[in-house]
Amino acid sequence: MRFKLIVVFVEDALTDQVVETARDTGATGATVINNARGEGLNKSKTFFGLDLVTQRDVVLLLVEEHMSRHILEEIARVGEFDEKPGSGIAFQIDVEDAVGVSHQISQLSSSVENEL
C-alpha cells in the first residue's frame, strides 16, 4: 500500500471542519500543529511592532494514495482556499515508506478495494 502526506495550512477557526471533512472522505486520522505562522505574497502589516497575522494550524494527514486527491479537493472546497485568498493552502507529498500505520492498513485495504 502506498501513501501520500496531505499538508494543510488553515485558519484555526476552520481546523476542526477540515479534519472532519478529511475523515468523512476517507482519512483515518490527523495530526494538528497549532500556532503556525506564514507569509503570502505581501508582507503582513504591523501595528506598533505587532504582526497582524491570523493564527494558523498545520494539519498533517497520512492517507492512501488512491484516496488522496479526493480528500485534498474536499478540504480545499470546505476551506474555500481558491475562493478566499489567504484562507489556507493544501498540498500532497509522496511518502516513500511509513511505519506505525499497520493498524490502519487493514481498514484502508477494504476501503480502497471498494473505491477501485
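At 18% relative accessibility, Arg 56 counts as buried (buried means under 20% relative accessible area, exposed over 50%, partly exposed in between, with a 1.4 Å probe and protein chains only). This is a predicted model, where local features need pLDDT of at least 70, side-chain atom pairs count only at pLDDT 80 or more, and totals for chains, interfaces and linings use all residues. Residues are numbered from 1 along each chain as its sequence is written, and side-chain values use heavy atoms, with hydrogens and water left out.

**Salt bridges**

- The structure holds six salt bridges (a side-chain nitrogen of Lys or Arg within 4 Å of a carboxyl oxygen of Asp or Glu).
- Arg 56 pairs with Glu 11, with the closest N and O atoms 3.8 Å apart.
- That pair links strand β5 to strand β1, 45 residues apart (strands are DSSP runs of E, at least two residues; helices are runs of H or I, at least four; both are numbered from the N terminus).
- Glu 11 is partly exposed, at 25% relative accessibility.
- Asp 94 and Lys 4 form another salt bridge, their closest N and O atoms being 2.5 Å apart.
- Asp 94 lies in β6 (residues 88-95) and Lys 4 in β1, so this pair ties together parts 90 residues apart in sequence.
- Here Asp 94 is exposed at 52%, while Lys 4 is buried at 16%.

**Helix α1**

- In α1 (residues 15-24), Thr 15, Val 18, Val 19, Thr 21 and Ala 22 are buried.
- On the other side of α1, Asp 16, Glu 20 and Asp 24 are exposed.
- After α1 comes Gly 26, with a positive phi near 125°.
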